[in-house]
Amino acid sequence: MHDFAILWDWAGFAVRWLHVITAIAWIGSSFYFVALDLGLRKAPDLPPGAHGEEWQVHGGGFYHIRKYLVAPDAMPEHLTWFKWESYATWLSGAALLMIVYWVGAELYLIDPSRADLAVWQAIALSAGSLTIGWLVYDRLCKSGLGERPTLLMVLLFALLVAMSWGYNQVFTGRAALLHLGAFTATIMTANVFLIIMPNQRIVVADLKAGRKPDPKYGKIAKLRSTHNNYLTLPVVFLMLSNHYPLAFATEYSWIIASLVFLMGVTIRHYFNTMHATGKGPHWTWGVTVILFLILAWLSTAPMWGSYEEAEARPMTAYEQRFAEAEGFHEAEQIVVGRCSMCHAREPVWDGIRWAPKGVVLETPQDIAQNARAIYLQAGVSHAMPPANVTDISEEDRRALIRWFKAGQGA
């Protein structure tokens, strides 16, 4: 229980759990309020300043909701703010990024075949790039484009495509898609923290001071909230993508990620229109299916390169440490004999066409690079191989543990 790798893996699991819970809360409230906003109806008895109302039923009771475009005449004593869901989701996601991709940079972040970065360089690129999107996007929104929302969305899409390509040039495929999701989520949370909440505070302060609030603050917040709504589904896809090599480990993964943003728009447009009018534009489903088929086709292009190229690649310092550790040759024989039939550039196990999770275990470089994963998946646990189909013995598992600890200097 004092093994740091095990404790660290559990820490990652705990933070991932927190991240999923807070993301559910944020997405749920976001979708609810967009649907609520689009479902508002006029009524003859609306009070002055009210834009619309809606009746809802849930949990055995009825709710009567009214919306004021700017603000009511007087501030109610109790006002519920929706902000912590967004903040907690971003903070837990940032912590998870550090735990998985910064601490595990040699395995999950750096791809020497794309960019032979030092760990500090990769982490600097990871952290620095997340701020770029917000700065560019915020400048666009505050320009005259704020009055041309369609053109603004097109430019935002172009920015996301550029970042998708850029991440794909320097990071592993898995890290590239994950960072694109984090890049987008940073824009979304910054919208809440730096625009939506401050504007709402201005309106509240005006009401308390007896001043008439300026409607421009609500208009600005509405624009940013709409952008967040359309970006939500692609971010969820990108956060899940690291489990699916067909999404992140193929030649055109950056195009696949770009098309997902278009799919997010078509899906949300259908539901947003349905909430507003009672029926959705069915053509959006046809477009969504076509986009999905295109990205499925793009995913058939492999990205691992040949065995010869991988074997000829010089080892990184991290890989060399485990390749020179006592017990490596025994561990290599175990992995090649028990794991490589599936975890190969061209798997030979019946029914397996792509290496599970994109993990390839053929060359000494591959095995040394994945030392920690091998230790956790096939050493201290029996996760791999599934159902122990290749019959790894307990003695072999102990050998993998000894090798990893020797590489760790334990």
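Predicted model: local features only at pLDDT ≥ 70, side-chain atom pairs only at ≥ 80, totals over all residues.
Ser-113 sits in the loop that runs between helix H3 (105-109) and helix H4 (119-142).

What is the C-alpha to C-alpha distance between Ser-113 and Val-170? In space it is 9.1 Å, while in sequence the two residues are 57 apart.

## The chain as a whole

Zooming out, the chain has 16 helices and 2 strands. Its C-alpha trace spans about 80 × 45 × 45 Å along the principal axes.

There are 410 residues in the chain, and 45% of them count as buried. As for contacts between residues at least 6 apart in sequence, 68% of these join residues at least 24 apart.

## Two helices side by side

Now to H9 and H10. Two packed helices are described by the angle between their axes and the distance between the axes. For H9 and H10, the angle is about 165 degrees and the axes are 9 Å apart. That angle is over 145 degrees, so H9 counts as roughly antiparallel to H10. The crossing of H9 past H10 is left-handed.

Which residues make the contact? On the H9 side they include Ile-255, Ile-256, Leu-259, Val-260, Leu-262 and Met-263, with Thr-266, Ile-267, His-269, Tyr-270 and Phe-271 also taking part. H10 brings in Trp-283, Thr-284, Trp-285, Val-287 and Thr-288, along with Leu-291, Phe-292, Ile-294, Leu-295 and Leu-298.

## Aromatic pairs

Searching the whole structure turns up 18 aromatic pairs. One of them is Phe-271 with Trp-285: the ring centres are 6.0 Å apart and the planes are at 85 degrees, so this is an edge-to-face pair. The pair links distant parts of the chain, with Phe-271 in helix H9 (residues 253-277) and Trp-285 in helix H10 (residues 283-298), 14 residues apart.

Tyr-375 and Phe-404 are both buried. They also belong to a cluster linked by ring pairs, whose other members are Tyr-318, Phe-322, Phe-328 and Trp-403.

## Charges over rings

Rings meet charged side chains as well. Arg-268 lies over the face of Phe-31, 4.1 Å from the ring centre. Lys-83 lies over the face of Trp-81, and here the distance to the ring centre is 5.9 Å.

## H15, tucked in

Why is H15 described as largely enclosed by the rest of the structure? Because 7 of its 9 residues are buried, where buried means under 20% relative accessible area. The buried residues of H15 are Ala-371, Arg-372, Ile-374, Tyr-375, Leu-376, Ala-378 and Gly-379.

What do the buried residues of H15 pack against? Their partners are helix H1 (4-38), helix H12 (317-323), helix H13 (328-338), helix H14 (364-369) and H16.

## The loop from H15 to H16

Between H15 and H16 comes a loop, and Pro-385 lies in it. The peptide bond leading from Met-384 to Pro-385 is cis, with omega near -10 degrees.

The loop between H15 and H16 also holds Ala-387 and Asn-388. Ala-387 is not a glycine, yet its phi is positive, at about 55 degrees. Asn-388 has a positive phi as well, near 50 degrees, and it is also a residue other than glycine. How accessible are they? Ala-387 has a relative accessible area of 75%, so it is exposed, whereas Asn-388, at 26%, is partly exposed.

Note on methods:
Residues numbered from 1 in each chain as written. Heavy atoms only, no water. Phe/Tyr/Trp six-rings, centres within 6.5 Å; stacked < 30°, edge-to-face > 60°. Helix = DSSP H or I, 4+ residues; strand = E, 2+ residues; numbered from the N terminus. Buried < 20%, exposed > 50% of the residue type's maximum accessible area, 1.4 Å probe, protein only. Lys NZ or Arg CZ within 6 Å of the ring centre and 35° of its normal. Axes fitted to C-alpha atoms, helices over the stretch in contact; angles between N-to-C directions. Parallel < 35°, antiparallel > 145°, perpendicular 65-115°, else oblique. Left-handed = near helix turned anticlockwise from the far one by under 90°. Contact = heavy atoms within 4.5 Å.
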